[in-house]
Structure formats: C-alpha cells, structure tokens
Amino acid sequence: MASLAYPHPDMPAPGETIEVAPGVRWLSMPLPFALDHINLWIVDDTIVDTGIGDEKTRALWEKILSHKQIKRVVLTHYHPDHAGNAAWLVQKFGAEFWTTQGEYLTAHAVRASSAGYTTEAVLEVFRKNGLPSERAATMGGRGNRYAALVPDFPLSYRRIIEGDRVKMGGHEWRAFIGHGHAPEHLSLYCEALNVVIAGDMLLSTISTNVSVWSIDPEGDPLRLFLESLKRYRELPEDVLVLPSHGKPFRGAHVRVGELESHHEKHFAKLLEALKGKSLSAGDLLGLLFRRPLDAHQTFFAMGEAIAHLHYLYYAGRLTRSNGADGIMRYAAS
Ligand SMILES: [Zn+2]
C-alpha cells in the first residue's frame with residue numbers, strides 16, 4: 001500500500017451515523033476550535049469517546065441515541081473533546097465507564113486545577129522557554145477552560161490496562177496503550193473486523209499534538225510518542241483506522257512512515273537553525289510553524305517546540321544552557 005485509502009468519503013451529517021464496519025458506527029460532533037470536529041464511535045451498546053460537554057453536542061447525542069440503550073462508555077483519553085459528556089452519558093443510561101488509570105486521574109486533576117495543571121504553571125514553563133511575555137500575557141486569564149468543556153466527570157471507573165480484551169458488539173477488541181499525546185492513551189484493535197479505534201494516536205491529515213506541559217516540564221513526550229506510533233506497524237497494513245479527526249482510512253504503515261518523516265524534517269530544521277547559534281523554543285516558533293498562531297494555537301505550538309528540542313537534547317544531538325535571564329537555550333554541537 002503506497003498511499004492512504006478512504007473507504008468512506010463522506011463525513012456523517014450532524015446527528016447521523018455511518019456504519020464503517022459490521023456493528024461499528026461513526027458519528028461526528030462539532031468543536032469550537034480550528035479543529036472543527038471530533039469522531040466518536042458506537043459499537044453495539046458501547047460508546048467510544050463523547051464530545052465536549054455543551055448543549056449543542058448533547059442535543060445531537062439525544063437525537064442519535066433516542067432509540068438506543070447504552071451500557072458502557074469507553075474513553076480513549078482525557079482531552080475535553082473526548083471526555084466532555086462521559087459523566088452525562090454514564091448518568092443518563094446508568095452505563096459503566098471504562099478507561100485507563102492515567103486518563104481517569106488526569107481528567108480529575110485538570111478539572112480541579114490541581115497537581116500543577118494550571119494555565120499559570122504552563123505559561124511559566126513557556127516563559128522559561130523563551131515565549132515573549134507580551135505574548136504570554138494574551139494567553140492567561142482564561143480560567144479553567146477544561147472544566148468548562150468537561151463540566152462533570154465520573155467518580156468511578158473500570159480500569160483498562162495494556163493487553164486487556166474488551167468485548168464490544170460480540171467481538172474482542174485488544175487494548176493497547178500509547179504515550180506522548182496523553183498519559184495513557186487507549187487504542188482498541190479488533191482482529192475479527194480488522195479495525196482499530198486509534199483515538200488521536202494516528203491521524204490521517206494532521207500530526208498528533210505532542211507537547212511538554214507543566215507537570216513534567218523536563219519530559220521527553222516525543223520519544224514516547226514515536227515509540228508508541230511504531231506499534232501501529234504491528235497491525236495489518238490494511239487495518240481500517242478509525243481516527244478521532246478526519247476520515248477513516250487504510251494505510252496505517254504508510255501513515256506511520258509519513259509521521260516519522262514529518263518529525264525528522266522538524267529535527268533537521270532545528271539542527272540547521274541551531275548550528276553555531278543558541279536559541280530558545282520561543283525563538284524557534286516561526287521556524288516550526290509558518291502560519292500565524294492565535295493564543296490557543298500558541299499553547300500547542302510552544303508545547304510542541306519544547307518537545308522537539310527535548311527529544312534532540314536527550315538524544316545527545318543538542319546542548320543547552322540556562323541564560324542569566326532564566327531562559328533555556330539550545331545549540332547544535
Ligand atoms: Zn487528544
């Protein structure tokens with residue numbers, strides 16, 4: 001397979017579903033971001049991911065589920081576009097709630113702004129990585145946006161771990177865990193249907209956000225992500241990938257290769273720019289992201305720029321030093 005194939009060319013209309021494999025239905029919910037939709041899945045009596053917790057999304061859910069009985073809600077990861085209606089759906093149907101421990105606990109921590117999950121803590125990491133303070137100032141004061149999008153979250157869950165077999169729609173789906181985008185991102189692969197629910201770990205037209213955040217400011221999430229991505233090569237080449245954004249596709253191995261070279265290109269650009277120069281992540285934003293960035297996009301861009309620099313630093317391909325101004329700068333040795 002040399003390129004990606006999209007067997008379902010049309011997106012589902014709002015409030016409608018499309019069957020993408022026997023018993024597996026695709027629906028799409030609107031998002032108020034540059035990324036304007038999220039894909040969710042219904043497998044028999046199980047919902048996988050839930051959309052943001054607003055009235056518009058809930059009205060669409062009411063329409064889709066009007067004649068359905070739901071017994072379980074599964075969450076791939078804690079991000080608000082996935083987690084927003086988990087509690088609402090669980091309460092509405094008396095359903096069980098299944099996810100990984102990392103995602104479950106992170107959702108609660110972010111909702112509560114605890115454990116360093118605050119905008120201020122993130123901006124402090126960005127400042128230390130060279131984001132100009134004028135720019136940081138436009139990004140503060142938004143309150144807890146996560147809690148606004150995830151107004152409630154279940155108080156108990158059923159834990160899924162690596163290798164678990166989750167029965168959905170009469171088939172077994174094998175759980176495998178990925179890192180780098182979220183702490184313990186859940187993907188589910190069904191051998192009988194040759195389908196994988198990929199969440200945000202393998203997207204067809206955009207690259208998954210991989211960011212350094214405030215609770216692990218010295219982390220190397222890009223190494224974790226690239227290692228996790230390789231697991232998609234263990235699945236059949238023609239597996240139908242159900243991603244959280246964009247259309248279902250075949251060509252997982254090709255896509256893994258494309259994403260690897262996408263990051264390799266970023267690495268090469270950074271190494272080139274840092275030859276004989278010492279620059280911060282903030283200095284390098286324009287090099288990595290050529291389009292103008294609004295406050296929301298700058299959050300992700302800064303996190304990603306730091307992640308790329310950390311990857312190269314921990315791989316021994318860059319040196320770094322903390323300036324008298326408290327800003328970390330990197331150089332190619
Ligand atoms: Zn996500």
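This is a predicted model: local features need pLDDT of at least 70, side-chain atom pairs count only at pLDDT 80 or more; totals for chains, interfaces and linings use all residues.
Local features need pLDDT of at least 70 and side-chain atom pairs count only at pLDDT 80 or more, while totals for chains, interfaces and linings use all residues. Residues are numbered from 1 along each chain as its sequence is written.

Helices and strands are DSSP runs, numbered from the N terminus (helices: H or I, at least four residues; strands: E, at least two). The axes of helix 8 (residues 221-229) and helix 11 (residues 295-314) come within 7 Å. They cross at roughly 85 degrees. Axes are lines fitted to C-alpha atoms, for helices over the stretch in contact, and angles run from 0 to 180 degrees between N-to-C directions. Helix 8 and helix 11 are therefore roughly perpendicular to each other (65 to 115 degrees). On the helix 8 side, the contact is made by P221, L222 and R223. Their partners in helix 11 are A307, H308, H310, Y311 and Y314. Two residues are in contact if their C-beta atoms, placed from the backbone, lie within 7 Å. By class, this contact has 5 nonpolar, 2 polar and 1 charged residues. Here Ala, Val, Leu, Ile, Met, Phe, Trp, Tyr, Cys and Pro count as nonpolar, Asp, Glu, Lys and Arg as charged, and the others, Gly among them, as polar.

The largest nonpolar core has 88 residues. Such a core is a set of buried Ala, Val, Leu, Ile, Met, Phe, Trp, Tyr and Cys residues joined through C-beta atoms within 7 Å. A residue is buried if 20 or more other C-beta atoms lie within 10 Å of its own, exposed if 12 or fewer, and partly exposed in between. W41, V196, V241, L242 and M302 touch the most other members. Helix 11 gives the most to this core, with 9 residues. Beyond its neighbours within four places in sequence, V196 contacts S187, L188, Y189, L235, V239, V241 and L242.

In helix 5 (residues 119-128), V122, L123, V125 and F126 are buried. Seen down the helix axis, they fall within an arc of 155 degrees, so they line one face of helix 5. The arc is that of the directions from the helix axis to the C-beta atoms. Their cover includes helix 6 (133-137) and helix 11.

Just after helix 5, G130 takes a positive phi of about 90 degrees. Most residues other than glycine have a negative phi. A115, in the loop between helix 4 (101-111) and helix 5, has a positive phi near 55 degrees. A115 counts as partly exposed, with 14 C-beta neighbours inside 10 Å.

Definitions and conventions:
Angles under 35 degrees count as roughly parallel, over 145 as roughly antiparallel, 65 to 115 as roughly perpendicular and the rest as oblique.
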